[in-house]
Amino acid sequence: MKREIGLWIDHREAVIVILADEGEETKRIVSDIEKDVRFSGGAQEVTAEDMRDRRFTNYLNKYYDEVIAHIREADSILIFGPGEAKVELKKRLESEALGGRIVGIETVDR
């Protein structure tokens with residue numbers, strides 16, 4: 001049974017199109033990344049920025065884990081997207097020994 005996946009991704013959402021012998025399916029995953037994290041206080045700016053970066057990284061890790069869970073069984077994966085998320089996901093897939101299933105990465109808008 002062949003399973004091909006097309007994935008459009010950015011930091012806010014992923015749209016997964018699965019083509020398999022039994023038909024096609026579309027899934028949408030929305031990340032929980034907060035658009036703009038604000039902290040008060042001027043003297044704590046560096047600490048606040050570090051906290052914001054850590055929080056952003058944690059959100060991204062959870063988001064990418066969820067995306068990978070949906071595409072793990074793919075025979076081939078074509079990744080599309082406008083920004084850095086597609087490259088970050090590619091690195092995650094490679095670290096989980098799934099990089100060989102990636103057939104291409106394309107930069108596109110919506």
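Analyst: Let us start with Ile33, which lies in the loop between β3 (23–30) and α1 (45–71); helices (H or I, at least four residues) and strands (E, at least two) are DSSP runs, numbered from the N terminus. Please keep in mind that this is a predicted model, in which local features need pLDDT of at least 70 and side-chain atom pairs count only at pLDDT 80 or more, while totals for chains, interfaces and linings use all residues. Residues are numbered from 1 along each chain as its sequence is written, and side-chain values use heavy atoms, with hydrogens and water left out.

User: OK, is Ile33 buried or exposed?

Analyst: Ile33 is buried, with a relative accessible area of 15%, where buried means under 20%, exposed over 50% and partly exposed in between (1.4 Å probe, protein chains only).

User: And what does Ile33 touch?

Analyst: Not counting residues up to four places away in sequence, Ile33 touches His11, Phe56, Tyr59 and Leu60, a contact being heavy atoms within 4.5 Å. Glu13 is 20 residues from Ile33 in sequence, and their C-alpha atoms are 9.5 Å apart in space.

User: Switching to the sheet, what is the strand order?

Analyst: The order is β3-β2-β1-β4-β5 in an open sheet of five strands with mixed pairing, and two strands pair if DSSP finds at least two bridges between them. The edge strands are β3 and β5 (102–107), each of which pairs on one side only.

User: Which way do β1 and β2 pair?

Analyst: β1 and β2 are antiparallel, with seven bridges, and a hairpin of three residues joins β1 to β2. Within that pairing, Gly6 stands opposite Val17 in β2.

User: How about β1 with β4, and β4 with β5?

Analyst: β1 and β4 run parallel and are joined by five bridges, with Leu7 opposite Ile79 in β4. β4 and β5 also pair in the parallel sense, over five bridges, and in β5 the bridge partner of Ile79 is Ile105.

User: What else does Leu7 contact?

Analyst: Leaving aside neighbours within four places in sequence, the contacts of Leu7 include Val15, Val67, Ile71, Phe80 and Leu89. Leu7 is also one of the residues with the most contacts inside the largest nonpolar core, alongside Ile9, Val67, Leu89 and Leu93.

User: How many residues are in that core, and which elements give two or more?

Analyst: The core has 22 residues, and such a core is a set of buried Ala, Val, Leu, Ile, Met, Phe, Trp, Tyr and Cys residues joined through side-chain atoms within 4.5 Å. The elements giving two or more residues to this core are β1 (3–9), β2 (13–20), α1, β4 (76–81) and α2 (85–95), and the largest share, six residues, comes from α1.

User: Which residues of α2 are buried?

Analyst: The buried residues of α2 are Ala85, Lys86, Leu89, Arg92 and Leu93. They lie on the same side of α2, because they cover an arc of only 120° around the axis, the arc being that of the directions from the helix axis to the C-beta atoms. On the other side of α2, Lys91 and Ser95 are exposed.
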